[in-house]
Amino acid sequence: MTAPDTVAIATAPALADGRRPSAFRLFLRSPVSLVGSIVLLVMIAAAILGPALAPYGVNETDIAGALRPPSAEHWFGTDDLGRDVFSRVVIAAQVSLRVAVVSVAIALVIGVLLGILSGYAGGWADGVLMRIVDVMFAFPMLILALAIVAVLGPGANTATIAIGVVYVPIFARVARASTLSVRSEPFVRASQTMGTGAGRILAKHILPNISGPIIVQTSLSLAFAILSEAALSFLGLGVQPPQPSWGRMLFEAQSFLGSAWWLAVFPGLAIFLTVLSCNLVGDGLRDVLDPKQRSVIESRSARR
């Protein structure tokens, strides 16, 4: 018996017995990924339970109590109209996350569909679709989003569409690159030889095997979508008043930076924590879903 055979026999039971940790367990073993997940879940809970968590009405004014610093009564202070900043930050989480999630969902569906069709079909179809993607990549993302909003008019729905369109090329490129590598695998060629339809091959073989990079890209795109929504609202082209948005709250806080620091700090902190947590989760997913990186993590855990 050769040495490789001995190694194979020694390692096979370990994998067969299920002692190899799952991707989910590896993800939770990373302190950074775990902290990012907890913060993100807190933000999602705030977005879902916003009205129930807010102690005051989102547009409930109290002119006599305007620009009060953080206190036991108003945890994040009040703005220039006496509105409770904590209540507005919590409600704004619902608005900002909804715009980000819906826009990324639009980009995910359209981009992945274009990417797998382009990568699997090849030929002139691949050339035409990728040239369209290249044209969209030629414009800076924020500039392209501003152009779309300028044509369609400001508002939350318009911002959602604009951000979704801007991120379509990213998902298309990721899906195409992954499809090109999976398309040449033996199991795909065997299915083609057996006469399996293209739609069934895409659904049964291609899409499940490219899901890892797409999941990672989705988590990272959520972070950038939140920043894009905040930027559009800050410029007055996203969520319109009196509906609160983190970006809009930063815009309204400009005139009070020297006298009421809390107006800018807490919305800015909400953006920072949400974006950071999305990036941490994305990094953790990339580590456990990438086979090479996962092998490194498993070897480190085994040595410990």
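Predicted model: local features only at pLDDT ≥ 70, side-chain atom pairs only at ≥ 80, totals over all residues.
Figure 1. Is R83 buried or exposed? With a relative accessible area of 9%, R83 is buried, because buried denotes a value under 20%. Neighbours within four places in sequence set aside, the residues in contact with R83 are V58, N59, E60, T61, G77, T78, R88 and E252.

**Figure 2. Overview of the whole chain.** The chain contains 14 helices and zero strands. Its order along the sequence is α-α-α-α-α-α-α-α-α-α-α-α-α-α. Of the 304 residues in the chain, 41% are buried. Where contacts link residues at least 6 apart in sequence, 70% of them join residues at least 24 apart.

**Figure 3. Helix α3 and its packing partners.** Helix α3 is formed by residues 31-48 and has 18 residues. The distance from its first C-alpha to its last is 26 Å, close to the 26 Å expected at 1.5 Å a residue. Which residues of α3 are buried? They are S33, G36, S37, L40, M43, A46 and A47. These buried residues pack against α2 (23-29), α4 (50-53), α5 and α13 (262-289).

**Figure 4. S277 in helix α13.** S277 belongs to helix α13. Its relative accessibility is 1%, and S277 therefore counts as buried. Apart from neighbours within four places in sequence, S277 is in contact with G36, V39 and L40. G36 and L40 are themselves among the buried residues of α3, and α13 is one of the helices against which the buried residues of α3 pack.

**Figure 5. Packing of α5 on α13.** Helices α5 and α13 pack at an angle of about 35 degrees, and their axes are 11 Å apart. Their crossing is right-handed. Which residues of α5 meet α13? On the α5 side they are V85, V89 and L97, and on the α13 side their partners are W262, L263, F266, P267, A270 and T274. By class, the residues of this contact of α5 with α13 comprise eight nonpolar, one polar and no charged.

**Figure 6. Packing of α5 on α8.** Helix α5 covers residues 85-121, and helix α8 covers residues 156-183. The two helices pack at an angle of about 35 degrees, with axes 5 Å apart. α5 passes α8 in a right-handed crossing. How do the residues of the contact of α5 with α8 divide into nonpolar, polar and charged? There are 20 nonpolar, eight polar and two charged residues in this contact.

**Figure 7. L152 in helix α7.** L152 is part of helix α7, which consists of residues 141-152. Is L152 buried or exposed? The relative accessible area of L152 is 52%, and the residue is therefore exposed, since exposed denotes a value over 50%. When neighbours within four places in sequence are left aside, L152 is in contact with T158 and I161. A162 is 10 residues away from L152 along the chain, and the C-alpha atoms of the two residues are separated by 9.1 Å.

Technical notes. Residues numbered from 1 in each chain as written. Heavy atoms only, no water. Axes fitted to C-alpha atoms, helices over the stretch in contact; angles between N-to-C directions. Helix = DSSP H or I, 4+ residues; strand = E, 2+ residues; numbered from the N terminus. Left-handed = near helix turned anticlockwise from the far one by under 90°. Nonpolar A, V, L, I, M, F, W, Y, C, P; charged D, E, K, R; others polar. Expected span 1.5 Å × (residues − 1). Buried < 20%, exposed > 50% of the residue type's maximum accessible area, 1.4 Å probe, protein only. Contact = heavy atoms within 4.5 Å.
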